[in-house]
Amino acid sequence: MSGILLAGYSGRSRLPDCRIARALPLVVALHGGTYTSAYFDIPGFSLLDRAEANGIPIIAIDRPGYGLTSPLPPTDATIDGQAAHLIPALEQLWDRFGADSAGIVLIGHSIGGAIAATIASHAGQLPLIGLAISGVGLRTPSAHRPMWEALPDLPQVEMPLAIKDDVMFGPPGSFDATLMPTASHIANASAPKAELVAIVSSWQDTVEATLSRIDVPVHYRQAENDKLWIVDEDQITGFAAALTESPRVDAEMISSTGHCMDFHHISAALQLQQLGFALQCAIEGAHL
């Protein structure tokens with residue numbers, strides 16, 4: 001269901017009526033820029049539905065400035081700023097819903113992946129046991145920084161629909177054109193300008209240092225035809241190599257698909273891999 005998760009935060013969830021078993025993770029999903037938490041709940045492409053079908057408790061948060069979640073001042077709406085504000089929220093979600101589970105596994109896409117990685121690099125007492133991210137990399141094309149910086153000087157900006165559909169989807173044949181991109185539009189939203197600028201600037205200055213502090217298993221997938229990132233085997237290898245403290249890294253480039261892999265033909269495979277990874281993290285965590 002969707003609604004208010006806790007004070008100041010909205011989102012949607014699939015949670016059992018009973019206490020979560022110790023052998024299960026509590027999965028928390030963080031959406032990317034210009035999408036609400038509905039990104040993870042598009043009918044036929046829903047990570048939440050797949051989790052529920054496999055008995056895995058899951059929560060998708062509306063990040064600050066999305067859905068009914070309170071926006072942050074532009075100075076705090078950066079990747080680092082959102083991570084700092086989300087950690088206490090995750091602690092509250094853990095206390096309320098997941099304290100009997102094995103721990104939290106974060107699934108993050110695009111800017112949500114960068115924020116999830118930043119949270120994982122400063123997790124502190126948060127019971128984080130795994131991180132699964134997609135649609136985020138080391139470097140964006142050089143033209144993107146001046147493009148994002150030239151956006152209107154407003155706290156929230158909206159990407160024109162035609163441009164958004166072009167950059168978020170891969171080549172013809174990589175998605176069902178009878179459904180997409182139209183079905184994804186229910187998740188569309190304006191985005192904090194600060195996070196769009198941060199992903200093409202400060203993130204790239206600090207990404208290797210951020211990744212080097214992550215000490216939980218990491219599942220990483222990047223689309224070959226991602227128009228928002230520079231993607232080649234060296235970039236994938238470099239991203240994985242930066243995860244020097246992670247005990248287990250599973251990193252791959254997915255061929256013939258676009259940025260929002262969750263909306264492409266690869267959707268089921270990607271999401272089941274992420275959920276399987278979360279289950280493995282729970283089992284490994286239970287035996288520590």
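**Helix 2**

Helix 2 bends by about 25° at Leu86, with a proline, Pro88, following within four residues. The bend at a residue is the angle between axes fitted to the seven residues ending there and the seven starting there. The model is predicted: local features need pLDDT of at least 70, side-chain atom pairs count only at pLDDT 80 or more, and totals for chains, interfaces and linings use all residues. Residues are numbered from 1 along each chain as its sequence is written, and side-chain values use heavy atoms, leaving out hydrogens and water.

- Helix 2 (residues 79-98) spans only 25 Å between its end C-alpha atoms, whereas a straight helix of 20 residues would span 28 Å at 1.5 Å a residue.
- Leu86 is also among the buried residues of helix 2, which include Ile87 and Trp94; buried means under 20% relative accessible area, exposed over 50%, and partly exposed in between (1.4 Å probe, protein chains only).

**Salt bridges**

- The whole structure holds 10 salt bridges, each a side-chain nitrogen of Lys or Arg within 4 Å of a carboxyl oxygen of Asp or Glu.
- Arg12 and Asp41 form one of 3.4 Å, N to O. Arg12 lies in strand 2 and Asp41 in the loop between strand 3 and helix 1, so the pair ties together parts 29 residues apart in sequence.
- Arg12 is buried at 17% relative accessible area, and Asp41 is buried at 14%.
- Arg12 and Asp41 belong to a network of salt bridges with Arg14, Asp49 and Glu52.

Terms used: Helix = DSSP H or I, 4+ residues; strand = E, 2+ residues; numbered from the N terminus. Expected span 1.5 Å × (residues − 1).
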